[in-house]
Each structure stands twice: as C-alpha cells, then as structure tokens.
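Please look through the structure shown here and work through the questions that come after it.

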Amino acid sequence: MQFTSYINFNGQCEEAFKFYEHVFGAKITMQVPFSTTPMADQVPPEWSSKLCHATLMLGESCIMGCDATPDRYEAPKGISITYVPKDAAEANHVFKALAKDGKVLMELQETFWAKKFGMLVDKFGVQWMINYGDM
C-alpha cells in the first residue's frame with residue numbers, strides 16, 4: 001500500500017511540476033491537458049492547455065496534481081508535504097530551492113527529532129516540510 005499526495009493548482013500545475021522535477025531530480029511521467037479529455041468543453045477556453053492531471057515520480061514515490069478550475073480552486077491549507085532527503089547536503093539544496101520566491105516558516109535547523117528540519121511555503125502556495133535524519 002502507498003499514499004500519494006494530490007495537489008490542486010491555480011493554473012500553475014505544469015510550471016510547478018517542471019520546477020519540482022528539477023529540484024528533486026524527479027521525472028514527470030504524465031501530463032494530460034484538458035483539451036485532450038472529455039472535459040474539454042467543461043472548462044473555459046483559456047484553460048484548454050491547463051492540466052487535468054499530472055504525475056511526478058521520484059523513485060517509488062509520486063506526487064500527482066492538476067489545475068483546478070477557477071470556480072473550484074482553493075489555496076492549500078492545513079497540510080504539508082514532507083520530503084525526507086538522503087543526506088544533509090540534499091536537505092540544504094531542496095530547502096533552498098523550494099524557499100526561493102516562497103515563504104520560510106521555520107529555517108532548516110537541528111531539532112530534538114531531526115538533524116535537519118525546516119518548513120516553508122513554495123512560490124506555488126504548497127507547504128513543505130524537509131525532515132532529514134532522526135536524532
């Protein structure tokens with residue numbers, strides 16, 4: 001069994017997934033624009049190239065997402081995606097990259113439970129926690 005996070009974006013899914021692909025060294029394995037689906041006539045014409053679904057793979061893990069139509073989009077709140085890097089250098093790299101043009105909620109630092117832990121909201125409004133190395 002596996003859990004997968006699904007993120008609704010406000011028209012920025014493709015941009016966000018390309019950014020995450022670069023930050024994490026991941027691979028976008030699927031991008032489905034509304035124009036290629038039976039829902040094509042249910043979205044505003046300017047949304048035809050927006051994504052109805054996308055999948056980003058990093059090893060065995062994945063994040064899925066879409067562009068929620070303007071009448072259905074709500075900014076994410078009350079939840080974070082946690083990334084567990086393989087080492088401290090990767091924790092630093094990922095945190096710095098995600099924080100660029102975003103908002104740091106807690107600087108990456110040692111805590112009583114982790115060697116490196118930090119929280120931020122990236123430029124797409126997604127809240128992340130970076131958690132490296134149990135203490």
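The questions below go from the whole chain to single residues.

This is a predicted model, in which local features need pLDDT of at least 70 and side-chain atom pairs count only at pLDDT 80 or more, while totals for chains, interfaces and linings use all residues. Residues are numbered from 1 along each chain as its sequence is written, and side-chain values use heavy atoms, with hydrogens and water left out.

Q: Which pattern does the protein chain follow when read along the sequence?
A: Helices (H or I, at least four residues) and strands (E, at least two) are DSSP runs, numbered from the N terminus. By this definition the protein chain has 2 helices and 8 strands. Read along the sequence, their pattern is β-α-β-β-β-β-α-β-β-β.

Q: What percentage of the residues of the protein chain count as buried?
A: A residue is called buried under 20% relative accessible area, exposed over 50% and partly exposed in between, with a 1.4 Å probe and protein chains only. The protein chain has 135 residues, and the share of them that counts as buried is 40%.

Q: How many residues of the contact of α1 with α2 are nonpolar?
A: With contact meaning heavy atoms within 4.5 Å, Phe19, Tyr20, Val23 and Phe24 in α1 meet His93, Val94, Ala97 and Leu98 in α2. Ala, Val, Leu, Ile, Met, Phe, Trp, Tyr, Cys and Pro count as nonpolar, Asp, Glu, Lys and Arg as charged, and the others, Gly among them, as polar. The contact therefore divides into 1 polar residue, no charged residues and, for the nonpolar ones, 7.

Q: Is asparagine 8 buried or partly exposed?
A: Asparagine 8 lies in strand β1 and touches Cys66, Ala68 and Tyr73, not counting residues up to four places away in sequence. Because its relative accessible area is 37%, asparagine 8 is partly exposed.

Q: What is the relative accessible area of aspartate 134?
A: Aspartate 134 is found in strand β8, and leaving aside neighbours within four places in sequence, aspartate 134 is in contact with Trp113, Ala114 and Lys115. Aspartate 134 is exposed, with a relative accessible area of 64%.

Q: Where does aspartate 101 lie?
A: Phi of aspartate 101 is near 65°, a positive value in a residue other than glycine. Aspartate 101 is exposed, with a relative accessible area of 59%. Its place is the loop between α2 and β6 (103-109).
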